[in-house]
Amino acid sequence: QVQLVESGGGLVQAGGSLRLSCAASGSIFRINSMAWYRQAVGKQRELVAAITSGGTNYADSVKGRFTISRDNVQNTVYLQMDSLKPEDTAVYYCNAGVATMRIKYQTFDYWGQGTQVTVSS
């Protein structure tokens, strides 16, 4: 199995910064993609940023403020969040598309437990 452990959430004032981390561990053959999603109260979960070997993509609402990066050796993905706004308040979830040692030819989705980000105005 594969586990994703997130850290770095918290409370910050508008205009501030936070850095989220997500470390993947377990029976990993290859991580094909890593991403951050978020879910605000009363809203659907949405993609914030994703990173693959082909590059990165961002939700329009965070372009220019958030940066996703990845350490392939540590199997860790980061989300640097700058110029935070109250509307960024949500639970942030890490996602990874992983081919496991047991089934190398198929990619499975794994999720972290979520970390709360609260931005005060």
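The torsion about the S-S bond of C22 and C94 is about -80°, so the disulfide is left-handed; a disulfide here is a pair of cysteine sulfur atoms within 2.5 Å. In this pair the sulfur atoms lie 2.1 Å apart, and the count by that rule comes to 1 disulfide. Because C22 belongs to strand β3 (residues 18-26) and C94 to strand β9 (residues 90-100), the bond ties together parts that are 72 residues apart in sequence. Both cysteines, C22 and C94, are buried, a term that stands for under 20% relative accessible area with a 1.4 Å probe, protein chains only.

The model is predicted, with local features needing pLDDT of at least 70 and side-chain atom pairs pLDDT 80 or more, while totals for chains, interfaces and linings use all residues. Residues are numbered from 1 along each chain as its sequence is written, and side-chain values use heavy atoms, without hydrogens and water.

The chain has 0 helices and 11 strands, where helices (H or I, at least four residues) and strands (E, at least two) are DSSP runs numbered from the N terminus. Among contacts (heavy atoms within 4.5 Å) between residues at least 6 apart in sequence, 57% join residues at least 24 apart.

Values for the chain as a whole are as follows.

| Property of the chain | Value |
|---|---|
| Box of the C-alpha atoms along the principal axes | roughly 50 × 25 × 25 Å |
| Share of the 121 residues that count as buried | 40% |

Definitions and conventions. Buried means under 20% relative accessible area, exposed over 50%, partly exposed in between (1.4 Å probe, protein chains only).
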